[in-house]
Amino acid sequence: MNQNNPVNPVNPAVPRRSLWRRRVKKSFANMIGFKKRGANPEHPEVHVIHGPDAYKNTIEVLKSIDLSPMNGKTVLLKPNVGRMSESGKGVNTNPQVVAAAVDALRAAGATVSIGESPISGVKTLEAFKISGITAIAEKRNCPLIDLDKRKPVITPIPGGKAIQSLKICVDVLEFDFIVSIPVMKIHMHTGVTLAIKNMKGCLWRRSKVDLHMLPQLEGTTDKSLDIAIGDMATVLRPHLSIIDGSIGMEGLGPGAGTPRELNVVLAGGDGFATDAVACRLMGQDASQIPHLRIGAENGCGIIDLNQIRISPENWQNFAADFEEAPKNLTFEFPDIEVLDRNSCSACQSTLLLFLQDYAKRLAPYIPAGERLKVAIGKGHESLPEGTLCIGQCTAQHKENGIFVPGCPPVGSQIYKTLQNN
Ligand code: SF4
């Protein structure tokens, strides 16, 4: 193999370098054109299918979508496989939904691949394997792409309020179409994580974390993370969204919540409209989800249900009330005081899973008459003495407390560090 002209993983017949130049150029044009031509109509359609079989639901819902523009085109499926978790837990996208999307899009004449860039500390191919995506992809000879492997493309965001550029995984820009296939989840920092937020998994490696570390903008009470997702949507949003609501997640999402069976799959061309319908199915209101509201204000899509054509008529019969994320973890774990400044969801999940697994064993480490202070995130100017500092972001305070390195560390490592101090 010629190292200077490596083979393209999507189409081995095409040298990667020439393809890269051609497709990146074309994709940028696509993204800009996408915005200009107003791919989201004023009254977008969203279709919902309810039933016990996630594969059949997905095939059925895609029958309502005109897939003919994908004929002869390359399509990247972007499921949510951000964490090391088996199918059925509501953490990652159900592999049967992905399998059905591959089959339906291929039947429409598309060349389909599946790609992901997971959260910090998770290896893409390992996450694909444990999630069950590898098995369905191998059966179909469908390429799996570790989006983190190649160098990113720095993409400017004209008029960005919280961010002015993004490091987008280059593979993403080489495809003609992107299909976002998230699992329906409550998110402790963004309210929900659905088709729009799932596109954050197209950002390169740890650059995803940068969106959690932004300073608060003056003149607004919106969090910079939400504004940044709204900025991201101006240059990076899906052409088609398929939301897996077979088993979603409520409570402490996106990583440590409770699975919630809903047995729905929904799809639409406007990711915001599809998210808005999914929100209602979860008992949420999209206008109260800041990143969706901000993205809609940016002109990236429609979230007003009155403007969306939704089928079938009785779709709201499938809705449930997903439990929201607790506002304050101290209510859940009264002996623990969590000090969180600009952490990302990888450390939040680590901490939550650690507390869930180890809370009963922490009594010897809780100071008499006080709570155990636990810090995550990069934004702490100072921390009280004795604080349990979790993750590399808290390293500057390690002389002042008990420091657990890692990005993120794992629960057993946190417990071991406590035992050894
Ligand atoms: S240390 Fe934790 S909060 Fe910091 S970047 Fe790593 S995972 Fe995110």
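Biologist: What should I keep in mind about numbering and confidence?
Modeller: Residues are numbered from 1 along each chain as its sequence is written. The model is predicted, with local features needing pLDDT of at least 70, side-chain atom pairs counting only at pLDDT 80 or more, and totals for chains, interfaces and linings using all residues.

Biologist: Glad to start with Asn94: is it buried or exposed?
Modeller: Asn94 sits in the loop between strand E2 (74–79) and helix H3 (95–107); helices (H or I, at least four residues) and strands (E, at least two) are DSSP runs, numbered from the N terminus. A residue is buried if 20 or more other C-beta atoms, placed from the backbone, lie within 10 Å of its own, exposed if 12 or fewer, and partly exposed in between. Because Asn94 has 28 other C-beta atoms within 10 Å, Asn94 is buried.

Biologist: How far apart are Asn94 and Ser246 in space, C-alpha to C-alpha?
Modeller: Not counting residues up to four places away in sequence, Asn94 touches several residues, including Ala54, Asp244 and Ser246; a contact means C-beta atoms, placed from the backbone, within 7 Å. Asn94 and Ser246 are 152 residues apart in sequence, yet their C-alpha separation is 7.5 Å.

Biologist: At roughly what angle do the axes of H2 and H3 cross?
Modeller: Residues of H2 such as Ala54 and Tyr55 are among those meeting H3, where Gln96 and Val97 are among the partners. Axes are lines fitted to C-alpha atoms, for helices over the stretch in contact, and angles run from 0 to 180 degrees between N-to-C directions. The axes of H2 (residues 54–62) and H3 come within 8 Å and cross at roughly 40 degrees.

Biologist: Nice! In what order do the 4 strands of the open sheet run?
Modeller: Two strands pair if DSSP finds at least two bridges between them. E14 (residues 372–376) and E15 (residues 388–390), for example, are joined by 3 bridges, and Ala375 stands opposite Cys389 in E15. The pairing in this sheet is parallel, and the order is E13-E14-E15-E16.

Biologist: Which strands are the edge strands?
Modeller: An edge strand here pairs on one side only. That describes strand E13 (336–340) and strand E16 (402–404).

Biologist: And which helix lies across E13, E14 and E15?
Modeller: This helix covers residues 345–358 and runs at about 155 degrees to E14. The name you want is H12.

Biologist: Finally, which residues come nearest to the ligand?
Modeller: There are 14 residues around the ligand, where a residue is near if its C-beta atom, placed from the backbone, lies within 6 Å. The nearest are Cys344, Cys347, Gly391, Cys393 and Cys407.

Technical notes: Two residues are in contact if their C-beta atoms, placed from the backbone, lie within 7 Å.
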